[in-house]
Amino acid sequence: MNNYMKLEISALGENESFARSAVAAFALYLNPSLTELSDIKTAVSEAVTNCIVHAYRHGNERDKIVIECQAEKEENSPFGQLHIEITDYGCGIDDLERAISPFYTTLTEEERSGMGFTIMQTFTDKFSVESEKGRGTKVKMVKKIGIDGNKEAVKE
Ligand SMILES: Nc1ncnc2c1ncn2[C@@H]1O[C@H](COP(=O)(O)OP(=O)(O)OP(=O)(O)O)[C@@H](O)[C@H]1O
Ligand SMILES: [Mg+2]
(Lines give C-alpha, C1' and ligand atoms only; values in the text may rest on other atoms or scores of the structure.)
(Ligands and ions follow the chains in the order given, each with its own letter.)
Protein backbone atom coordinates (compact mmCIF):
# COMPACT_ATOMS: atom_id res chain seq x y z
CA MET A 1 0.00 0.00 0.00
CA ASN A 2 1.15 3.53 -0.70
CA ASN A 3 1.59 6.09 2.04
CA TYR A 4 1.87 9.88 1.75
CA MET A 5 2.87 12.86 3.84
CA LYS A 6 3.28 16.59 3.33
CA LEU A 7 5.21 18.84 5.63
CA GLU A 8 5.38 22.63 5.43
CA ILE A 9 8.02 24.32 7.54
CA SER A 10 9.64 27.72 7.97
CA ALA A 11 12.99 28.01 6.21
CA LEU A 12 15.00 28.25 9.40
CA GLY A 13 18.29 26.51 10.12
CA GLU A 14 16.71 25.18 13.32
CA ASN A 15 14.27 23.14 11.19
CA GLU A 16 16.91 21.29 9.18
CA SER A 17 17.35 18.45 11.68
CA PHE A 18 13.58 18.31 12.25
CA ALA A 19 13.00 17.93 8.49
CA ARG A 20 15.53 15.15 8.04
CA SER A 21 14.28 13.26 11.12
CA ALA A 22 10.64 13.64 10.02
CA VAL A 23 11.35 12.15 6.59
CA ALA A 24 13.40 9.35 8.18
CA ALA A 25 10.55 8.59 10.60
CA PHE A 26 8.10 8.45 7.68
CA ALA A 27 10.50 6.16 5.76
CA LEU A 28 10.29 3.57 8.58
CA TYR A 29 7.00 2.52 6.96
CA LEU A 30 9.17 0.89 4.26
CA ASN A 31 11.33 -0.98 6.78
CA PRO A 32 14.67 0.47 5.60
CA SER A 33 18.14 -0.62 6.68
CA LEU A 34 20.23 1.75 8.77
CA THR A 35 22.29 2.59 5.71
CA GLU A 36 19.21 3.40 3.63
CA LEU A 37 17.86 5.55 6.44
CA SER A 38 21.10 7.40 6.81
CA ASP A 39 21.27 8.00 3.01
CA ILE A 40 17.75 9.50 3.12
CA LYS A 41 18.68 11.79 6.00
CA THR A 42 21.83 12.97 4.23
CA ALA A 43 20.01 13.76 0.97
CA VAL A 44 17.13 15.58 2.70
CA SER A 45 19.55 17.55 4.82
CA GLU A 46 21.41 18.83 1.73
CA ALA A 47 18.20 19.81 -0.08
CA VAL A 48 16.70 21.60 2.92
CA THR A 49 19.97 23.39 3.68
CA ASN A 50 20.03 24.66 0.07
CA CYS A 51 16.55 26.16 0.49
CA ILE A 52 17.64 27.95 3.64
CA VAL A 53 21.05 29.24 2.54
CA HIS A 54 20.45 29.84 -1.19
CA ALA A 55 16.74 30.09 -2.06
CA TYR A 56 15.95 32.35 0.88
CA ARG A 57 19.35 33.93 1.27
CA HIS A 58 17.84 37.18 2.59
CA GLY A 59 14.90 35.40 4.11
CA ASN A 60 12.26 36.11 6.68
CA GLU A 61 10.05 33.96 8.88
CA ARG A 62 7.35 33.65 6.20
CA ASP A 63 9.66 31.69 3.88
CA LYS A 64 8.36 28.16 3.48
CA ILE A 65 9.79 24.80 2.52
CA VAL A 66 7.37 22.08 1.46
CA ILE A 67 8.41 18.45 1.77
CA GLU A 68 6.24 15.77 0.20
CA CYS A 69 6.92 12.06 0.50
CA GLN A 70 5.26 9.11 -1.13
CA ALA A 71 6.15 5.62 0.07
CA GLU A 72 5.36 2.76 -2.30
CA LYS A 73 5.45 -0.87 -1.33
CA GLU A 74 3.82 -4.09 -2.41
CA GLU A 75 2.19 -6.36 0.11
CA ASN A 76 4.62 -9.00 1.45
CA SER A 77 7.52 -7.58 -0.53
CA PRO A 78 10.73 -6.39 1.16
CA PHE A 79 11.19 -3.82 -1.60
CA GLY A 80 9.81 -0.33 -1.69
CA GLN A 81 10.49 3.17 -2.93
CA LEU A 82 10.45 6.50 -1.21
CA HIS A 83 9.68 9.51 -3.43
CA ILE A 84 10.77 12.81 -1.89
CA GLU A 85 10.01 16.29 -3.25
CA ILE A 86 11.48 19.35 -1.59
CA THR A 87 10.13 22.69 -2.82
CA ASP A 88 11.00 26.29 -2.08
CA TYR A 89 9.56 29.53 -3.43
CA GLY A 90 12.83 31.44 -3.36
CA CYS A 91 15.22 32.93 -5.90
CA GLY A 92 15.46 29.96 -8.28
CA ILE A 93 18.55 28.78 -10.14
CA ASP A 94 19.95 30.46 -13.28
CA ASP A 95 21.90 27.63 -14.83
CA LEU A 96 20.82 24.25 -13.52
CA GLU A 97 23.47 22.22 -15.32
CA ARG A 98 26.22 24.33 -13.83
CA ALA A 99 24.61 24.34 -10.34
CA ILE A 100 24.46 20.55 -10.29
CA SER A 101 28.06 20.04 -11.32
CA PRO A 102 30.45 19.01 -8.52
CA PHE A 103 32.26 21.79 -6.62
CA TYR A 104 30.15 24.58 -8.15
CA THR A 105 28.99 27.03 -5.50
CA THR A 106 27.83 30.63 -5.48
CA LEU A 107 28.79 31.03 -1.82
CA THR A 108 32.57 30.59 -1.91
CA GLU A 109 33.12 33.09 0.86
CA GLU A 110 31.07 30.95 3.25
CA GLU A 111 33.16 27.82 2.85
CA ARG A 112 30.51 25.85 0.98
CA SER A 113 32.03 23.04 -1.01
CA GLY A 114 29.50 22.93 -3.86
CA MET A 115 28.84 19.25 -3.23
CA GLY A 116 25.21 19.32 -2.05
CA PHE A 117 23.60 18.28 -5.35
CA THR A 118 26.33 15.70 -5.95
CA ILE A 119 25.67 14.20 -2.51
CA MET A 120 21.89 14.07 -3.20
CA GLN A 121 22.62 12.25 -6.48
CA THR A 122 25.04 9.83 -4.84
CA PHE A 123 22.79 8.88 -1.92
CA THR A 124 19.57 8.35 -3.87
CA ASP A 125 18.55 6.24 -6.90
CA LYS A 126 16.86 8.98 -8.94
CA PHE A 127 17.42 12.70 -8.78
CA SER A 128 16.15 15.72 -10.71
CA VAL A 129 15.75 19.46 -10.19
CA GLU A 130 13.27 21.92 -11.65
CA SER A 131 13.78 25.61 -11.10
CA GLU A 132 12.42 28.91 -12.29
CA LYS A 133 14.23 32.17 -11.72
CA GLY A 134 12.41 34.21 -9.08
CA ARG A 135 9.79 31.51 -8.47
CA GLY A 136 11.61 28.69 -6.73
CA THR A 137 13.10 25.27 -6.98
CA LYS A 138 11.87 21.70 -6.64
CA VAL A 139 14.22 18.80 -5.97
CA LYS A 140 12.85 15.32 -6.66
CA MET A 141 14.55 12.20 -5.36
CA VAL A 142 13.70 8.51 -5.25
CA LYS A 143 15.31 6.11 -2.80
CA LYS A 144 14.88 2.39 -3.34
CA ILE A 145 14.42 0.47 -0.12
CA GLY A 146 15.31 -3.19 0.35
CA ILE A 147 18.09 -3.45 -2.24
CA ASP A 148 20.72 -3.04 0.46
CA GLY A 149 20.89 -6.73 1.48
CA ASN A 150 22.33 -5.74 4.83
CA LYS A 151 19.02 -5.71 6.70
CA GLU A 152 19.78 -4.76 10.27
CA ALA A 153 16.38 -4.00 11.80
CA VAL A 154 15.63 -0.38 12.54
CA LYS A 155 13.37 0.15 15.53
CA GLU A 156 11.64 3.42 16.35
N1 LIG B 1 17.13 25.77 -3.54
C2 LIG B 1 18.01 26.56 -4.20
N3 LIG B 1 17.66 27.82 -4.59
C4 LIG B 1 18.53 28.62 -5.24
N5 LIG B 1 19.79 28.25 -5.58
C6 LIG B 1 20.20 27.01 -5.23
C7 LIG B 1 19.35 26.11 -4.51
N8 LIG B 1 20.03 24.97 -4.31
C9 LIG B 1 21.24 25.14 -4.86
N10 LIG B 1 21.37 26.36 -5.42
C11 LIG B 1 22.54 26.87 -6.17
O12 LIG B 1 23.29 25.76 -6.65
C13 LIG B 1 24.63 25.81 -6.15
C14 LIG B 1 25.14 24.41 -5.89
O15 LIG B 1 24.44 23.81 -4.80
P16 LIG B 1 25.15 22.67 -3.94
O17 LIG B 1 24.25 22.24 -2.85
O18 LIG B 1 25.67 21.63 -4.88
O19 LIG B 1 26.44 23.43 -3.34
P20 LIG B 1 26.49 24.51 -2.16
O21 LIG B 1 25.18 24.56 -1.45
O22 LIG B 1 26.97 25.79 -2.75
O23 LIG B 1 27.62 23.91 -1.22
P24 LIG B 1 27.43 22.69 -0.17
O25 LIG B 1 26.10 22.05 -0.46
O26 LIG B 1 28.57 21.75 -0.45
O27 LIG B 1 27.47 23.32 1.17
C28 LIG B 1 24.56 26.69 -4.93
O29 LIG B 1 25.80 27.32 -4.64
C30 LIG B 1 23.47 27.71 -5.31
O31 LIG B 1 23.99 28.73 -6.15
MG1 LIG C 1 24.24 22.86 -0.76
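User: What is a nonpolar core, and how many residues does the largest one have in this predicted model?

Analyst: A nonpolar core is a set of buried Ala, Val, Leu, Ile, Met, Phe, Trp, Tyr and Cys residues joined through C-beta atoms within 7 Å. In this predicted model, Val 23 and Cys 51 have the most contacts inside the largest such core. The number of residues in that core is 31.

User: Which element gives the most residues to this core?

Analyst: The elements that give two or more residues to the core include the helices α1 (16-27), α2 (34-55) and α4 (116-123). Strands β2 (64-73), β3 (80-88), β4 (126-132) and β5 (136-145) also give two or more. With nine residues, the element that gives the most is α2.

User: Which residue in β2 stands opposite Asn 3?

Analyst: Strand β1 (residues 3-10) pairs with β2 in the antiparallel sense, over eight bridges. In β2, the residue opposite Asn 3 is Ala 71.

User: Which element supplies the largest share of the shell around ligand 1?

Analyst: Ligand 1 is surrounded by 21 residues, the closest being Asn 50, Thr 105, Thr 106, Arg 112 and Gly 116. By type, the shell divides into nine nonpolar, nine polar and three charged residues. Both α2 and α4 supply at least two residues of the shell. The largest share, five residues, comes from α2.

User: Is Val 142 buried or partly exposed?

Analyst: Val 142 lies in strand β5. A residue counts as buried if 20 or more other C-beta atoms lie within 10 Å of its own, and as exposed if 12 or fewer do. Because Val 142 has 15 within 10 Å, it is partly exposed.

User: How far apart in space are Val 142 and Gln 81, C-alpha to C-alpha?

Analyst: Beyond its neighbours within four places in sequence, Val 142 is in contact with Gln 81, Leu 82, His 83, Thr 124, Asp 125 and Lys 126. Val 142 and Gln 81 are 61 residues apart in sequence, but their C-alpha to C-alpha distance is 6.6 Å.

Definitions and conventions:
Residues numbered from 1 in each chain as written. Chains lettered and ligands numbered in written order. Predicted model: local features only at pLDDT ≥ 70, side-chain atom pairs only at ≥ 80, totals over all residues. Helix = DSSP H or I, 4+ residues; strand = E, 2+ residues; numbered from the N terminus. Pairing = 2+ DSSP bridges. Near = placed C-beta within 6 Å. Nonpolar A, V, L, I, M, F, W, Y, C, P; charged D, E, K, R; others polar. Contact = placed C-beta atoms within 7 Å.
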